[in-house]
Every structure is written in C-alpha cells, then in structure tokens.
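Welcome to this guided tour! Open your viewer, switch to a cartoon view, and get ready to select a few places one after another.

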Amino acid sequence: MPMSTITNDDVRYVASLAKIAVSDDEVASLTKELAVILDYVKQLDVVDTAGLEPTYQVTGLTNVTRADELINYAVTRDGLLANTPRTRDGYIEVPKVL
C-alpha cells in the first residue's frame with residue numbers, strides 16, 4: 001500500500017490552524033504518524049458499499065423537541081410588577097451598581 005503524500009508543510013499548516021506550536025522534530029514525527037493514519041483510512045476505498053443504505057445515526061433516537069405553541073399565562077405587566085419589592089414609573093427599581 002503506498003504511503004500518503006502528507007508533507008512537513010501540511011503538518012505545519014494543520015498545526016497553525018489548530019494554534020499548536022510544534023518543533024521541527026515533532027513535525028517530522030507527526031508527518032510519519034499522520035501518513036500511517038491516512039494510509040489506514042485509505043483502506044476504506046476498496047470496501048464495496050454498493051447497495052448499502054447510508055447510516056445517518058445509529059441510536060434510533062428521534063427529534064424529541066416539542067412543537068412551538070403560544071401559551072397564554074394570563075399575566076399582566078401590573079401583575080408581575082406587584083411581585084417586585086420596589087417599582088418606579090412602571091419599571092422594576094434596582095440598586096445602582098457602579
């Protein structure tokens with residue numbers, strides 16, 4: 001199986017995208033390691049997947065969110081303000097924070 005064509009510059013580029021500082025020794029080591037990983041993944045190219053349905057998820061979970069519904073709690077502004085300790089001119093009054 002041929003080795004992938006990942007270069008030291010590719011490793012430096014990916015490291016810069018990830019904001020990772022790598023030394024020259026690390027670049028050489030990572031180039032070899034990434035080449036092995038990519039060659040391993042390349043084995044999937046020879047797998048016959050004709051006629052197979054794509055797998056989008058494997059847990060069987062479905063969307064469990066509720067539908068958007070308008071709920072009228074019959075609460076008025078005055079009713080809410082009645083629950084606050086202090087109000088002024090129709091607003092909740094709070095201590096100054098400096």
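**Before you click**

This is a predicted model, in which local features need pLDDT of at least 70 and side-chain atom pairs count only at pLDDT 80 or more, while totals for chains, interfaces and linings use all residues. Residues are numbered from 1 along each chain as its sequence is written, and side-chain values use heavy atoms, with hydrogens and water left out.

**Stop 1: the whole chain**

Show everything first. The protein chain contains three helices and two strands, in the order α-α-α-β-β along the sequence. Here helices (H or I, at least four residues) and strands (E, at least two) are DSSP runs, numbered from the N terminus.

Now zoom out. Along the principal axes, the C-alpha atoms fill a box of roughly 75 × 50 × 15 Å. The radius of gyration of the protein chain is 30 Å, while a compact globule of 98 residues would have a value near 13 Å. That radius is taken over C-alpha atoms, and the globule rule is 2.2 Å times the number of residues to the power 0.38.

How much of the protein chain is buried? Buried residues make up 9% of the 98 residues. Buried means under 20% relative accessible area, exposed over 50%, and partly exposed in between (1.4 Å probe, protein chains only).

**Stop 2: helices H1 and H2**

Select residues 8-17 for H1 and residues 24-42 for H2. Two packed helices are described by the angle between their axes and the distance between the axes. For this pair, the axes come within 9 Å and cross at roughly 105 degrees. H1 is therefore roughly perpendicular to H2, a label for angles of 65 to 115 degrees. The axes are lines fitted to C-alpha atoms, for helices over the stretch in contact, and angles run from 0 to 180 degrees between N-to-C directions.

Which residues make the contact? Show the side chains of Asn8, Val11 and Arg12 on H1, then Asp24, Val27, Ala28, Leu30, Thr31 and Leu34 on H2. Contact means heavy atoms within 4.5 Å.

**Stop 3: Thr31 and Asn8**

Centre on Thr31, found in helix H2. Thr31 counts as buried because its relative accessibility is 11%. Leaving aside neighbours within four places in sequence, Thr31 is in contact with Ile6, Thr7, Asn8 and Val11.

Next, select Asn8, which belongs to helix H1. Asn8 is partly exposed, with a relative accessible area of 34%. With neighbours within four places in sequence again set aside, Asn8 is in contact with Val27, Ala28 and Thr31. Then draw a line from the C-alpha atom of Asn8 to that of Val58: these residues are 50 apart along the chain, and the two atoms are separated by 37 Å.

**Stop 4: two loop residues**

Most residues other than glycine have a negative phi, and most peptide bonds are trans. With that in mind, jump to Ala74, in the loop between H2 and helix H3 (77-81). What is the phi of Ala74? The value is near 55 degrees, which is positive in a residue other than glycine. Ala74 counts as exposed, at 66% relative accessibility.

Finish at Asp89, in the loop between strand S1 (87-88) and strand S2 (91-92). Asp89 has a positive phi near 55 degrees and is a residue other than glycine. Is Asp89 buried or exposed? Asp89 is exposed, with a relative accessible area of 69%.

Definitions and conventions. Parallel < 35°, antiparallel > 145°, perpendicular 65-115°, else oblique.
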